[in-house]
Amino acid sequence: MSRFEIWINNYYHMHGGNRALHVLRDELLVRDVEAWMAYERHDPDAVAVYPEITGNNPGNHDKVTRWLLNTPTQPLPRDPTWAWEKSMGEDKLLTVNIIELDLFRPSSKSRSGTAYWVGKGVLDPSVLPTGSVEINRGNYTTRAEVAELLSTVQYLISFDPFTAMNLEAVLCGTPVLIQGQHPVMTRQQIFEHNWIPFGVAWDMEELDEARREVHLAWDHYRSLLPVFSRRVDEFVEKTTRLYG
């Protein structure tokens, strides 16, 4: 059975890709597969799992697999590769649940105002309603705080079309208004990922429909969890078959 060393240098709750790498470790441990983060210990004989932001082999591993958590911006070595979802390449799919469903869930709380998230996008202050609250990597220091805010605003303005924050919002019953374009993926490609088919608007004219449909996002996302579990099983099976 393969052992896995997952490459990231810390844990940071505001970064979805960072959470995904840690969840993968936890999913492997649940399956009695030995796995750890690279900052916990180092063993060059283990199978390295490198995200797309790591383009080389810093651990000097003989056994390497790569996980595209976003569209890579640089050519990567031709190692066995898994992709988070469709449109990131022709690779096999590996997806895990990075959302704490006990926190990010439908809410009956009263709502007022708007929040916004820039993430990997570009801020356009001209589209922000007066009093909009920014969510950034420093002002909401726990996942519970993020969930509380998302559960109490009327909608989220997101300048990043491909971010876990959009999913977290709709799971709280909060529609998302996307402002801006992804540098690589089109709107159609993002939609085909099937993570958020409900509750997302790409202009103000679509916002009312997003409000009407956002309640469907919760059950839809939960229906994907068995799919994610099967993808982890396949990752373990095929990587072990390749590397032993």
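Trainee: Threonine 163: buried or exposed?
Mentor: Threonine 163 is buried, with a relative accessible area of 17%. The cut-offs are under 20% relative accessible area for buried and over 50% for exposed, with partly exposed in between, using a 1.4 Å probe and protein chains only.

Trainee: What sort of model am I looking at?
Mentor: This is a predicted model, where local features need pLDDT of at least 70 and side-chain atom pairs count only at pLDDT 80 or more, while totals for chains, interfaces and linings use all residues. Residues are numbered from 1 along each chain as its sequence is written, and side-chain values use heavy atoms, with hydrogens and water left out.

Trainee: OK, back to threonine 163. Where is its place, and what is it in contact with?
Mentor: Threonine 163 is in the loop between β9 (155-158) and α3. Helices (H or I, at least four residues) and strands (E, at least two) are DSSP runs, numbered from the N terminus. Leaving aside neighbours within four places in sequence, threonine 163 is in contact with Trp117, Lys120 and Ser158. Contact here is heavy atoms within 4.5 Å.

Trainee: And Trp117, what does tryptophan 117 stand opposite?
Mentor: Tryptophan 117 stands opposite isoleucine 135 in β8. Strand β7 covers residues 114-117 and pairs with β8 in the parallel sense over three bridges. Two strands count as paired if DSSP finds at least two bridges between them.

Trainee: What's the strand order in the open sheet of five?
Mentor: The order is β8-β7-β9-β10-β11, with parallel pairing. β8 (133-135) and β11 (200-201) are at the edges with a single partner strand each, so one side of each has no neighbour in the sheet.

Trainee: What about the open sheet with six strands, which order is that?
Mentor: That one goes β2-β1-β3-β4-β5-β6, with parallel pairing. Its edges are β2 and β6 (92-93), and each has a single partner strand, so one side of each is left without a neighbour in the sheet.

Trainee: Let's stay there. How many of the residues of β4 are buried?
Mentor: Five of the six residues in β4 (residues 63-68) are buried, so I'd call the strand mostly covered. Strand β3 (residues 47-51) runs parallel to β4 and is joined to it by five bridges. Strand β5 (residues 81-83) also runs parallel to β4, joined by three bridges.

Trainee: Which helices lie across β4?
Mentor: α1 lies across β1, β2, β3 and β4, running at about 155 degrees to β2. α6 lies across β1, β3, β4, β5 and β6, at about 175 degrees to β5. Axes are lines fitted to C-alpha atoms, for helices over the stretch in contact, and angles run from 0 to 180 degrees between N-to-C directions.

Trainee: New topic: at what angle do α3 and α6 pack?
Mentor: Helix α3 (residues 164-171) and helix α6 (residues 217-243) pack at about 120 degrees, with their axes 8 Å apart. The pair is therefore oblique; under 35 degrees counts as roughly parallel, over 145 as roughly antiparallel, 65 to 115 as roughly perpendicular and the rest as oblique.

Trainee: Which residues meet there?
Mentor: From α3, Leu167, Val170 and Leu171 meet Ala217, Trp218 and Tyr221 in α6. The residues of that contact are six nonpolar, no polar and no charged. In that scheme Ala, Val, Leu, Ile, Met, Phe, Trp, Tyr, Cys and Pro are nonpolar, Asp, Glu, Lys and Arg charged, and the others, Gly among them, polar.

Trainee: How many aromatic pairs does a search of the whole structure find?
Mentor: Nine. One of them joins tryptophan 7 and tyrosine 50, with ring centres 5.6 Å apart and planes at 45 degrees, so it is tilted. Tryptophan 7 is in the loop between β1 (4-6) and α1 (16-30) and tyrosine 50 is in strand β3, so the pair ties together parts 43 residues apart in sequence. Rings of Phe, Tyr and Trp (its six-membered ring) pair if their centres lie within 6.5 Å; planes under 30 degrees apart are stacked, over 60 edge-to-face and the rest tilted.

Trainee: Which residues form the aromatic cluster?
Mentor: Trp67, Trp84, Trp195, Tyr221 and Phe228 form one cluster.

Trainee: Last one: what's the phi of aspartate 32 and of asparagine 60?
Mentor: Aspartate 32 has a positive phi of about 60 degrees although it is not a glycine, and asparagine 60, also not a glycine, has a positive phi of about 55 degrees. Aspartate 32 is in the loop between α1 and β2 (35-37) and is exposed at 71% relative accessible area. Asparagine 60 is in the loop between β3 and β4, and counts as exposed at 60% relative accessibility.
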